[in-house]
Amino acid sequence: MSEVRKRNASPGDAANPSQQATSDRASEPTTANGMSAFEVLLSFVQLLCVLVFLGGLACAGSQATTGTYFFGEDKRVFSFVNSKLATWRGPLQLTADELSQFDGSDPAKPIYLALLGEVFDVSAGESYYGKEGGYRFFSGRDASRSFVTGDFKNDLVPWVDDFDEKELKSLVDWAKFFKTHETYFYVGTVDNPPAPKGFYEQKAKEAEEKKQKAEEKRRQRKEAEASKKQKELEEKMVQAAADGHAKQQKEKEK
């Protein structure tokens, strides 16, 4: 049997704590400048905190002086951010009610409009599509029909099943305008409700009445022009007769 020999541990055999810590730090991965991964992460967090603080300070100053968070460029900033988010998250699928919330009345939300069921972010055009813009009636809805008819009171609706090829081409051209615009961008689709019962019949009736009124105006205009020409001709004949009579009188006097 082998004899088990016991040995008392001497104080020198125990690892020195400071040496152990140094050894542990030496074993940690370091960067080219000798910083450990933890120190790099800590520096990054500190820098991020400073940037957030400065950004918040700038936004607070802007809010105090201009009433906006980005010195009057809120919509442009939001539009840029939303364009990137739209790319990452994929297209939205909105209902008509959800789309109506993006009509430009809420400064914290982007401005959307829809055409042929496709939704576009037009926040960069706030001067046109915002609550004070001349085209604000397009915002927060699909108003495809009015893009062709020009009726911005009764035709701010999406239903165009009765349009002919020429009218549909006009709509496609408008959609292309928004798709290829430098600052507007596609964000998704809207699920429009079906047209109310009798909608197209009513529109056909209105179109026929409009056509008849236009024809009546053309007829009246032609009659007015013919009457004017007839009156001018009669006046010329009367003047010619008067001139002839005056000429005869002069010849008799001679």
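These legends describe close-up views of a predicted model of one protein chain.

**Figure 1. Overall fold of the protein chain.**
The chain holds 8 helices and 4 strands. Read from the N terminus, the order of elements is α-α-α-β-α-β-β-α-α-α-β-α. The chain has 254 residues, and 22% of them are buried. Its accessible surface is about 19,100 Å². Carbon and sulfur atoms account for 56% of that surface. Contacts in the chain can also be sorted by sequence separation. Of those between residues at least 6 apart in sequence, 58% link residues at least 24 apart.

**Figure 2. The largest nonpolar core.**
This core contains 17 residues. L113, L115, V122, Y129, F138 and F178 have the most contacts inside it. Strand β2 and helix α7 (165-179) each supply at least two of its residues. Helix α7 gives the most, with 3 residues.

**Figure 3. Contacts of V122.**
V122 is among the residues with the most contacts inside the largest nonpolar core. Which residues does V122 contact, leaving aside neighbours within four places in sequence? They are I111, L113, Y129, F178 and Y184.

**Figure 4. L116 in the loop between β2 and β3.**
L116 sits in the loop that joins β2 (112-115) to β3 (118-121). Its phi is near 55 degrees, a positive value in a residue other than glycine. Most residues other than glycine have a negative phi. Is L116 buried, partly exposed or exposed? L116 has a relative accessible area of 38%, so it is partly exposed. That value falls between the cut-offs of 20% for buried and 50% for exposed.

**Figure 5. S146 in helix α6.**
S146 belongs to helix α6, which spans residues 144-149. Why does S146 count as buried? Its relative accessibility is 1%, and buried means under 20%. Beyond residues up to four places away in sequence, S146 touches F138, D151, F152, D155 and L156.

Methods. Residues numbered from 1 in each chain as written. Predicted model: local features only at pLDDT ≥ 70, side-chain atom pairs only at ≥ 80, totals over all residues. Heavy atoms only, no water. Buried < 20%, exposed > 50% of the residue type's maximum accessible area, 1.4 Å probe, protein only. Contact = heavy atoms within 4.5 Å. Areas by Shrake-Rupley, 256 points an atom, 1.4 Å probe, with all protein chains shown as cover. Core = buried A, V, L, I, M, F, W, Y, C linked by side-chain atoms within 4.5 Å.
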